[in-house]
There are 2 protein chains.
Amino acid sequence: MPRRTSINNQQSAINNRIPGATARSNLAPLAVADRLHSAAIHLLRRVRKQDVATGEGPARLSALSVLVFGGPKTLGELAAAEQVKPPTMSRIAAGLASRRLAVITADPRDARRLNIRATPKGRRLLQKGRQLRIASLAAQLDVLTPDELHKLSKAVEILERLLDHWV
Amino acid sequence: MPRRTSINNQQSAINNRIPGATARSNLAPLAVADRLHSAAIHLLRRVRKQDVATGEGPARLSALSVLVFGGPKTLGELAAAEQVKPPTMSRIAAGLASRRLAVITADPRDARRLNIRATPKGRRLLQKGRQLRIASLAAQLDVLTPDELHKLSKAVEILERLLDHWV
DNA sequence: AATTATAGTTAGCTATGCTAACTAATTAAC
DNA sequence: GTTAATTAGTTAGCATAGCTAACTATAATT
């Protein structure tokens, strides 16, 4: 089987290859951006395969993750965090509630608002799924030398800082 | 606004936080896997925002990308590349054809097969979208020092090698 | 020639995204 | 303190994107 030079998927869409370089100064950032982008796509595509084991769709897992790690949220906050519109989150939240992964209660201070929080069951399911993802990635990292792992770790630090300041 | 320690989205689902370390030897891989995973999620989530400008959904953009960078494919090949089932790809391909982003022809050698190839219009649309993604990422990388950029580049090399040998 | 295997399609389901139009509750104006 | 405006979610209805099961058509085998 020939190795594909470019792969894409549902979570990614646009991909590889070197763009036409314009100014001299940003040639390097463009090239690194291109390869980093591609690597991120392929990496997530692979770890995401573990998610089927949870029996839940990506939107629910993602919203649940925000609830588990970010604490209770109103529907609007959850929609904003997930970058979806309120009607979409309305259905996702209802789905989580129907599966007993979250509970939805009225806000005592403002009857318009809904408070949504993860249940212990939701927490367990999320942790299990997340563990599968991380474990599958860690298993791959295991072949690296300590030096490579260290370099990778340092690069992640750079990325974390970048993401922190991203507009 | 407080910074969320963990974010997730449609393309990601499961996320951050340090898992319970078990054996001593794989503590580091697990920790790096965790942060790398999270960084990849956040990075793609941000660049993906550019995709709306293309006017096409993620599945179509992704399939189109395979066609543009990998050349013509049969429906089955495309389905395999995208990790979806044939009926799903059948509709995606029909969608691409209806938008004149790809053409579907019968294989002259085997009448059961369909040959799907990107049109010039499809190529242009993909390149435009991809450019927006890469440019938005490159713009962020631009704040890095040459040394940081170099370290990032080296880490991407490690990742590329890892992905190459991934089962 | 008959059977089996392969390539895609059709039908029908679920989930996930959207906008537009609505209800209900709160806040602001007067 | 009514009335008006704003805010929070829901409902309805549409499109996309995933699946399985059952089908058609073609090719390969026996």
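Tutor: What follows is a set of questions about labels and the values behind them.

Tutor: This is a predicted model, where local features need pLDDT of at least 70, side-chain atom pairs count only at pLDDT 80 or more, and totals for chains, interfaces and linings use all residues. Residues are numbered from 1 along each chain as its sequence is written, while chains are lettered from A and ligands numbered from 1 in the order in which they are written.

Student: How do you know how many helices and strands chain A has?
Tutor: Helices are DSSP runs of H or I with at least four residues, and strands are runs of E with at least two, numbered from the N terminus. On that basis chain A has 6 helices and 3 strands. Their order from the N terminus is α-α-β-α-α-β-β-α-α.

Student: Why is H2(A) called largely enclosed?
Tutor: In H2(A), 10 of the 13 residues are buried, so the helix is largely enclosed by the rest of the structure. Among the buried ones are A:Leu61, A:Leu64 and A:Val68.

Student: What do the buried residues of H2(A) pack against?
Tutor: Contact is judged by C-beta atoms, placed from the backbone, lying within 7 Å. The partners of these buried residues include helix H3 (75-82), helix H4 (86-98) and helix H5 (120-141) of chain A.

Student: How do you know what span to expect for H2(A)?
Tutor: The expected span is 1.5 Å times one less than the number of residues. Helix H2 (residues 58-70) has 13 residues and reaches 18 Å from its first C-alpha to its last, close to the 18 Å expected. Just after this helix, A:Gly71 takes a positive phi of about 85°.

Student: What makes S1(A) and S3(A) a pair?
Tutor: DSSP must find at least two bridges between two strands. S1(A) and S3(A) have 2 bridges, in the antiparallel sense, so they meet that definition. In one of the bridges, A:Thr74 has A:Asn115 in S3(A) as its partner.

Student: Why are S1 and S2 of chain A at the edges?
Tutor: The open sheet of 3 strands has the order S1-S3-S2, with antiparallel pairing. S1 and S2 of chain A each have a single partner strand, so one side of each is left without a neighbour in the sheet.

Student: Which helices of chain A lie on these strands?
Tutor: H2(A) packs on the sheet, touching S1, S2 and S3, and its direction makes about 85° with that of S3(A). H4(A) lies across S2 and S3 of chain A, at about 115° to S2(A). For these angles, axes are lines fitted to C-alpha atoms, for helices over the stretch in contact, and values run from 0 to 180 degrees between N-to-C directions.

Student: How do you know that S2(B) and S3(B) pair?
Tutor: In chain B, 5 bridges join strand S2 (residues 102-106) to S3(B), and the two run antiparallel. Within this pairing, B:Val103 stands opposite B:Arg117 in S3(B). The open sheet of chain B has 3 strands in the order S1-S3-S2.

Methods:
Buried ≥ 20, exposed ≤ 12 C-beta atoms within 10 Å, placed from the backbone. Contact = placed C-beta atoms within 7 Å.
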